[in-house]
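Please read the following report with the sequence and the three-dimensional structure in view.

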Amino acid sequence: MTFGAAAPASAAMECIAPANPGGGWDFTCRQIGKIMYELGLVDEPVQVTNMAGGGGGLAFAHVVNERNDDPNLIVAASQATATRLAQNAYGGLKADQVRFVGAIGADPGVIVVAADSPYKSLKDLVEAVKSDPSSVSFAGGSAAGGFDHLKVLMILKKAGFDDIRKVKYIGVDGGADAITQVIGGHATAMTGDMSEIVGFLKSGEVRALAVLTEERVPGFEDIPTAKEQGYDVVAVNWRGLYVPKGISDERFNEIAEMLRKVAESEQWKEAMKANGLAPFTKVGGDFQEWVNQVIKDTEELSREIGVIQ
Amino acid sequence: MDILTNLALGFSVALTPFTLMLAVIGCFLGTIIGALPGLGPSNGVAILIPITFTMGLDATSALVLMTAVYYGAMYGGRISSILLNIPGDEPALMTTLDGYPMAKQGRAGDALVISGVASFVGAFLATIGLMLLAPLLAGITYRFGPPEYFALYMLAFCTLGGIASNNQAKAAISACIGLGIAMIGLDNTTGMPRFTFGNMHLMDGVDFLVAIVGLFAISEVFVFIESHGQSTSIGVRLKKVTVPVRDILASGWTMLRGSLVGFIAGVLPGAGASLGSFLAYMSEKAIAGDKAGFGTGNPKGVAAPEAGNNAAAGGALVPMLTLGVPGSGTTAVLLALLMTLNITPGPTLFAEKPDVVWGLIASLLIANFVLLAMNVPMVKLFVRILQVPPHVLLPGVTMVSFVGIYSLSGSYFDLLMMVGFGLLGWALRKLDVPTVPIILGILLGNNMEDSLRRAMVLSDGDWTYLFSSPISIGLWIAAVVGFVAPIFLRPFLRRPQAITD
């Protein structure tokens, strides 16, 4: 340990995962923490704290109110953080009360059906909803109004279906759970992330109708994008970090640089491959703007579907 | 045979002196974590994950250590249930019902040995089941949709009243309090918060561990303070510790049945170890009948839930490995560990990473034998706890409770809530209302409501959907038989029980 100005940087870093162990935020903290240590960017292993509550709101409030100038704190964030900020689910706290450092990977959104489903393309499914909304049900890993639910609604809106409250959606405990409901025939289609379906695709139990990215995902070239099927919807669940608002610009840039090094490392590339994440690196200054835009778009959509007033 | 070659592969990976040492350390730590109230298997495993990185363990070694902790914690939960009447974790709840009365009769050693053997039987059979049937069993998960889960929870609920044999109305009130508490939090079907009073701490609902520790451990402290240490239930007589061979043999079938029930509950992701031990206990109670004295210190009442919850712990690994669906909080943490090690569980895991899967199975078997070898002789050590005077023991328990609960979410709010539950537990004790159904209400209520609401969304509110599959019809029949039959049959079979309180 050195003392003086450089001291904070060499103290142990802490990464808050705003959820119980086992989810995406926990994964982000543990992977990034592990790789930072392996690359020698930090002297001591990054300590992961699980702070579940309020869908990440508890951790957000904790950072804003109690740790606003802690230079050794990073917090896992994702599209879910942005969705909840957009829906004002963090008790009035706003995105600009912290600083978003960057995203270093993204989980592309997917729509899948069981292998024996009569629906062969996204168009089949969308047309079925349009002709009889009660004949199709969607299962996803987020609660109603959450990101998985929004993916379906965005597609249907592009298809000109406006009666979105008629769309049947059940929120279950995670994407893998949603997929078992679809394979078991309890729900028609699953809306979720690519990482959640990789194993089931390989075993041939499900068919992916569409991936919600600009271009087809490397390694999964046979899954068409929603865009090329005529529904211009892009929805990726990015994985990244935010830090307290009150830290110095210098420290912010240091952390951003560390994150960039993690993104470029072989270990991270391997971890992304194993977990079905697509490359998606946006680190540093312009990321905050990008997040703000995402939040604005989500807010508009949420208002349209009536999740918020 | 395929399985034997696979198992040989597994043991070749897992059976090195280093991994064996890890298994022993893991079992020991797990037992302690399980025994401490407030520290359950899932936060225990989560706390220890960083150690595997610091130690630079490879995938197999990390898995051996963590599964040893997992199984160890499942074993350890029973210790404080029996000795202190405080469940070490939620699946150990049912063990308090007969375990603590046994301890009070001076048979603490017997209860610990019997439950240790039952834990072994349950975990061993579940590991065998995992080994032989895992890919096959994954199919069961597909068969369970919202209506089937709802029927399963109804079955559990219909037998709840029988938990307190003296006054079923009080058990029902207690269960309703639990159900009410379960309503708190984000409503999954609409995405809106309920009964949170705008408080973000309540958005995710009330954690069972907070309720358990409050109702059992903290309320004990209040009773102790109130009576100036005169009438605490902690501190029981102690006899010489022997191996109760006769009781173990007599509960052989109980252990087998408990293992089966627990294993099936474990395999179903929406059910889990708590439901497994509950159903194992209630089915044994039903088989044995009222005369067997369940709830007053029957060894079978200790054997059944322990076999059930340890079998469920093994069963929960089936959907975790074959589908990537965690069946319990702890398997969710293990899933996270696997993913950090770049192993993604799913339908192709068994084919693609046989060394990991069979290494894991081998390490489960090793951990189980280590635990049996460690636990039975250690009973002598554990029962010493009873010789610690309550005025020393209770502050220690309180301290561990506070630290354990704080480690859950790092928020003081949970601590306040825990003390609140302590007051509730104290008041209910005065009124002689059993507290076990409250926990079960919280535990089952959430899942039951979610299943019902999902079923109603899927069917456009058509009630007949709830009875639309053979599985759900079968479960409904069992539920009706379990609930209604005793009411009508009792007058013919024997005199109604007197309400004694």
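## Confidence of the model

Chain A has a mean pLDDT of 88, and 96% of its residues reach 70 or more; pLDDT is the predictor's confidence in each residue, from 0 to 100. This is a predicted model, in which local features need pLDDT of at least 70, side-chain atom pairs count only at pLDDT 80 or more, and totals for chains, interfaces and linings use all residues. Residues are numbered from 1 along each chain as its sequence is written, while chains are lettered from A and ligands numbered from 1 in the order in which they are written.

Over residues 1-9 of chain A, pLDDT stays under 50, and the model has seven contacts beyond four places in sequence for them. Two residues are in contact if their C-beta atoms, placed from the backbone, lie within 7 Å. Where pLDDT is low, the predicted coordinates should not be read in detail.

## Domains of chain A

Chain A is assigned domain 1 (7-106 + 236-305) and domain 2 (108-229), with bounds from an automatic or database domain assignment. Their centres, taken over C-alpha atoms, are separated by 27 Å.

Between them, 14 residues of domain 1 are in contact with 16 residues of domain 2. On the domain 1 side, helix 4 (79-86), strand 9 (236-244) and helix 11 (285-305) of chain A each give two or more residues. Helices (H or I, at least four residues) and strands (E, at least two) are DSSP runs, numbered from the N terminus.

## Interface of chains A and B

Contacts join 42 residues of chain B to 50 residues of chain A. On the chain B side, helix 14 of chain B gives the largest share, six residues.
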